[in-house]
Amino acid sequence: MLKVDSINVAYGDLQVLWDVSFEVREGEIVVLVGANGAGKSTTLKTISSLLKPMSGTIEFEGQRLDKLPPNKIIEQGVVHIPEGRRLFPDMTVEENLIMGSLYGEAKKKRYQTMEYAYELFPRLKERRKQLAGTLSGGEQQMLAVGRGVMSLPRLMMFDEPSLGLSPLLVQDIFSLVKKVNQEGVTVLLVEQNVNQTLSMCHRAYVLENGRITLSGTGDELMANQHVKEAYLGI
Amino acid sequence: MKKATVIFCIVFAITLGLSGAVMAKGSVKVGIVLPTTGSLAKFGEIERDAFLMAQEEINAAGGINGLKLELLIEDTTGRPEVGRSVVEKLITKDKVVMIGGGYSSSVTYATAGVCQQNNMPFLVNTGSADKITTSGWTWIYRLNPPVSKYASAVESLLTQVIKPKTVAILHENSLFGTKGAKKFDKTCKKLGFKVVLKEGYEHGGIDFKPVLTRVKQKNPDIVYMISYIMDASLLMKQAKELKLTPKMFIGGAAGFTMPEFKENAGVASNYVISATLWHQVLPFPGAMEFYKKFKARFNKSVDYHGAEAYAACYVIADVLKRAKSFKNTDIKAALDATDMMTVFGPVKFTTWGKMKNQNKAATYVVQWIDGKLELVWPKEHATKQFQYPIDWLKVWGY
Amino acid sequence: MDVFIQTIVSGILIGGIYSMIGIGMTLIMGVMGIINLAHGQLMMVAMYITFVMAHFFHVDPYLSLLVAMPALFLLGAFIQKTLLNPLIKVESILPENQVLMTVGIGMVLTEIARFIFSSDYKTVKTSYSSSAIFIGKISFNVPMCIAFGFALFFTALLFWFLLKTDLGRSIRATAQDSEAATLMGINSSRITVITFGIGSALVAAAGVLLMPIFYLFPDIGGAFTLKAFVITILGGLGSTVGAIVGGIVLGVAESLGATYIGMGYKEMVGFVIFVLVLIFLPGGLKRLTKI
Amino acid sequence: MQKKTIFWGVLAVVALAFPLVIRSPYYQHLVIISLMWVIIGSSWNLLAGYTGQVSFGHAIFFGVGAYTAGLFPIHLGLSAWWGMLTGGIVSMLVALFVGWVCFRLRGPYFALATLAGGEIVRLIATNWESLTEGMVGILIIQTFKSKLPYYYIVLVLAVACILVIERIMKSKWGYYFVSIREDQDAAESMGINTTLYKNISLLVSAFFTGMAGAFYMNYMAFIDPEVVFSLHFISIMAILVGIVGGVATIWGPAVGAFIMVGLQETFRSSFFGLAPKWISQAHALAFGLLVIFVIMYLPNGIVGDWATIKRLVFRTRRTAG
Amino acid sequence: MALLEIKNLTKSFRGLTAVNNVSFEVHEGEIVSLIGPNGAGKTTIFNCINQFFPISGGDIIFRGKSLKGMKTHKICRLGIGRTFQVVKPLKRMTVLDNVTASSFCRINSIQDARRKALEILEFCHLLDEKDKLARSLPIGGRKRLEIARALATDPKLLLLDETAAGLNPSELDEAIDLIRRIRETGISILVVEHIMKVVMTISDRIHAINFGQTIAEGAPEEVANNKAVIEAYLGEKHA
């Protein structure tokens, strides 16, 4: 479904990604794990075309994403839930949801999808008229996911959804990701929280210093000595 | 370092390398300094047009003893420092024989200083600060009266006809406005009128109602205003809106005599009087013709500014004709001996009080009567009877 | 007492127009973080359009809103698209580059106007220019009341647009988080172009409404640019409600200053408020009202 | 090393001999005004270019310097030359207050605050008539008829200003100023008292600008608030001189000053009378277009982007040949 | 006596408590690590120590002096140097100038400052890059530059904020080596770190926090095996 083929990415004269290649198949949950600054967010930003690769290609269902402007990505069915939620803090919950459905099919089915989002997150329904900036961390993450769902995506990319949440909420978020996946949405997840993500994913890639160093199924990686040392602290 | 040298050289070349046009033979050059760009450009343009019109007429009539009069009109942009460099250029590069023009007190003062230092005769025709001719400078001559004399005709009208007890003064806080207001304040004290309010304002306000409301509260007999056209019309319009009704509204020259004042203030301009330095109906030879010619040619009315410039050009031509040579001392001698009639009235440079080489021009009072600016004072020149007293509310149609 | 009430009334009425100027500026500053030093000059352009319409085609100034606003929308959009947006990619030592750019734009607009219309004062005269309504002893200038009404109308319209339309929401979203907005499919550079256009159209409306009351010359813009700042900083960046309140507060403060301190200090009142707000209430009234 | 010495020698000789060779007071005047702008532009650059605090209110210091000089003759009956001793100092005192208020703000807010400050000071000078004579302005009689003394005074000031700034930039202060520009938080954590050093930069900048103002009073012999506190003709002009020449370069503002004054005069005089008259109307337009052009294509100014300019010129020459 | 004493430190932002009643000490010559999941409040503690943020409660005492309300630059002069998690190179200055600017903290003469800067660059293996602009350094270089700049202020205590993040394995070893060598010069170090490999190898003691509160403290092995810590990092089922 998504095919990233040896992309090289730089910020100005500073190269961050070297020959990164990986693949996400329909219906999968794929995790990209790695330390702070390894290039995980950069990878996602490149997929959403916020950054342009110096070389390499990104294809989604045969369509070259790297040739599209960033605002056209969502229309292809790819939605990126950025690190730190990045909600619109001075807009209400409902407005934030609307912002996810500005174009095409999503716009037509806006209120239908909204009902569905409220079903997924009843808490959001209670707080429809509240400003997003006043929500708690967990609710904000729900809203961020909800906003992504509103675009009727086929691929959702999550950038560290567990960031700054309590363990309990982290569990919630991950079960949410699973739920979304079960509804038929393919998931690409970027996480530092290696342990839990590896156990729930289909496949995973390890990103170190801008390069993919390991890949395999979740269990394979869990068993890997290097992963254990570097990320699990064991 | 090297790049700096190269850049320096280029800039020097631009600044220094270009030299002016070669002096044309058979002409005599006079520099004219006026603000033709910048915020004062409006008046600068009027004066420039008047100068050019006069120049054409003079040259058509044989020029200066067979030589053509060539006016080099230079833009001061209304800023003293530019004015200074302009005059320096005219003197040293263009080698003009004398300088004329001079609009706005500050620029005129700065340029006059250069002329004095360089022994260059300078005939000022609009810059009105007293200091221009009270600084003891010998090479500076002035055609127009100093600002302190602008209201002299109004003074006699006040003492003889209106006889007010209380006065409110509003003025633009420019040099012209501030000086004029100070002088009028003094005059009122001398004549025994009580000044109940004296306020300066920054040019370009939209809303004068707050201050006018205060004027209304003080209920003065006369309201004396020194303002340029647009402020003048807004002041009168808003006075009308507030039903502010003193015995008389008086403008201290400047904006109140301009045709735009009437156009913009509309009915509120009616019966307002103003001091002025000139009016086309004055019995000076050529005054009315000048007014008509100017209007026909430039499609706009002309006021005392244009007359001053036009007259100044004729004075310059006259001086140059009479001068023994175009040496500065000879021109100065000719200026000293000037005694001629112009559209602006008689011109003669004399020294009185602290004033040096100052023309004693008279001032007048005009009144807007039925949409026309009529000369009402002094009586001997009046074209219409001075309208007084006035029921303002009726005039304004309330 | 009459003096006081009249002062307040004058202040509120003029404040309506100030608000219009301020809203356009606050929108631009809020969405793009650009300090637009050419704001007043854009208003000047709109006033010349009104003048031309009235003088040559005898169109009532209020009708020329229909021409001036779209025209200025296009001009603003053009400026943003060709001059300001490309600047984001230009690297320089001073981050204030965009501000300096608007200074240049302002100069160019002023001088072009001077080229075409010379420095003469221009006015549009209407039958109602100086008519006033009296309530008790207090006078209400008719065109100012109309302007105030229009200001309310445009503000309401803008509110509806920002709150209820997708495009309006997109503008707000871009102001709050432009990268996130991009991820939601919003073309943020297009939004900045539209926003600059709307901001320009609003200040154009202010200019048109001012035309029957005031007069026009090429240098008129500068003073209004400064007022727009004061209002924007007073109201809080990006806050439309703040801009309205800020405009009226400025109008009233100027009037009170003119009446009780002195006409000459009227302009200073605004600047003093400006500096005080910057220092003691950074964030402006928005901090207090939270909108 | 040798080459450098020769360069400086030649430049010094040219500077010293200029008014003796070019006797026209007109050109002398233009160069004097340019040198004055070298001082103002360099001072602005110290604060804005090197320290990163973009001031839109340098007219405050220029005007205060000028008025300090102007008040000696009108209130104390002393020569305005006293202003040359005190103008810079008084400007520094005013700068202390300006800094105290404005340095609470960063970035564009600082710029706006200084802009407002400049307007406030102008209005004060206009309205406080008992002190400043208001719009009547202050006029004095020039001390010297010849331009030579003025030329050498302003030359010494300009050279002193550039040398002082160059020396500062090579010292601890210079390192601190640039550190503050690059990252205030990092600077603070490096033990730099950012408030103190921003103020030092401002004070030095204000001192020289004030001296330029005091010189202006003596040289032009006339000032009023519109002239010396002008937003457009002083504050913005200072910025233009800086950005056109090149911010954060020692020689940029000097080059910028000559270009801007030269350009202004070239246009004002319709290309020295060679072009049609209407061109003179366009000088402000040319300024505006120049600003737009420089910001777009030479964001570091003529000196800062000299390499780019050279490359472009070189390339066009090659294609032409 | 402890070099740095953090006493009941509390910091809240608009009602949100980021650091809640945290106390710990750093002794002379020690390397102490501050660990905790993302958003636990580690960096906030750093920002409180050098007073980027005014503290809401408690006190911070360095060599017997309270730092409360002190200006950041004064704290640096007292002898606390720091690096930033998001590196803050002075981009348009050369690497050498970056460090020279910092050396002026104790030295006034330009020659001496430069000499010292060169020494420090050598110490941090940056000498080859000295004439490059700081912005052209890769991430590893920037991190070392950050440390070099902090060292140039002659600190008694160095605060390192995620110095190892984003480094590749060989760079990681180099960073560990560098931190150890710094300690050998007699400088105490407080580290905020994510990468357990680094934390476990360099630390004398570890202080673990989560949600702004202390959850464990002690020698590396003790903390690594602490139930609350594992829970915070790995979730409950591993505890």
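B:Pro389 sits in the loop between β16 and α14 of chain B, where helices (H or I, at least four residues) and strands (E, at least two) are DSSP runs numbered from the N terminus. The peptide bond that joins B:Tyr388 to B:Pro389 is cis, with omega about -10°. Another cis bond runs from B:Trp377 to B:Pro378, with omega near -5°. B:Pro378 is placed in the loop between β16 (372-377) and α14 (392-395) of chain B.

The model is predicted, so local features need pLDDT of at least 70 and side-chain atom pairs count only at pLDDT 80 or more, whereas totals for chains, interfaces and linings use all residues. Residues are numbered from 1 along each chain as its sequence is written, chains are lettered from A and ligands numbered from 1 in the order in which they are written, and side-chain values use heavy atoms, with hydrogens and water left out.

The model scores ipTM 0.85 and pTM 0.87. Per-residue confidence is given as pLDDT, the predictor's own value from 0 to 100. Chain B averages 86, and 94% of its residues score at least 70. For chain E the average is 87, with 95% of the residues at 70 or above. In chain B, residues 11-24 stay under 50, and the model has 25 contacts beyond four places in sequence for that stretch. A contact here means heavy atoms within 4.5 Å.

Consider next how the chains meet. Seven pairs of chains are in contact, and of these chains B and D share the most contacts. Other pairs do not touch: the nearest C-alpha atoms of chain A and chain D are 17 Å apart, and those of chain B and chain E are 20 Å apart.

In the interface of chains B and D, 56 residues of chain D are in contact with 48 residues of chain B. The two chains bury about 4900 Å² between them, 66% of it on carbon and sulfur atoms; buried area is the accessible area (1.4 Å probe) that two parts lose on being put together, summed over both. On the chain D side, D:Val136, D:Arg268 and D:Phe272 lose the most area to chain B, together 13% of what that side buries.

Two salt bridges are counted between chain D and chain B, a salt bridge being a side-chain nitrogen of Lys or Arg within 4 Å of a carboxyl oxygen of Asp or Glu. D:Arg122 forms a salt bridge with B:Glu202, and the closest N and O atoms are 3.1 Å apart.

The elements of chain D that give two or more residues to the side touching chain B are α1 (2-21), α2 (25-50), α5 (107-127), α10 (194-220), α13 (252-268) and α15 (301-304). The largest share of that side, eight residues, comes from α13(D). By class, the side of chain D that touches chain B has 33 nonpolar, twelve polar and eleven charged residues, where Ala, Val, Leu, Ile, Met, Phe, Trp, Tyr, Cys and Pro count as nonpolar, Asp, Glu, Lys and Arg as charged, and the others, Gly among them, as polar.

Chain B also meets chain C, through 35 residues from chain B and 35 residues from chain C. The area buried between them is about 3100 Å², of which carbon and sulfur atoms give 59%. B:Ile206, B:Met230 and B:Glu241 supply 21% of the area that chain B buries against chain C, more than any other three residues. The count of salt bridges between chain B and chain C is zero, while six residue pairs (both at pLDDT 80 or more) are in polar contact across this interface. Among the elements of chain B, α9(B) gives the most to the side touching chain C, with seven residues. That side has eleven nonpolar, eleven polar and 13 charged residues.

Key. A polar contact is a pair of N or O atoms within 3.5 Å; within protein, one must be able to donate a hydrogen and the other to accept it, and residues adjacent in sequence count only if both atoms are side-chain atoms.
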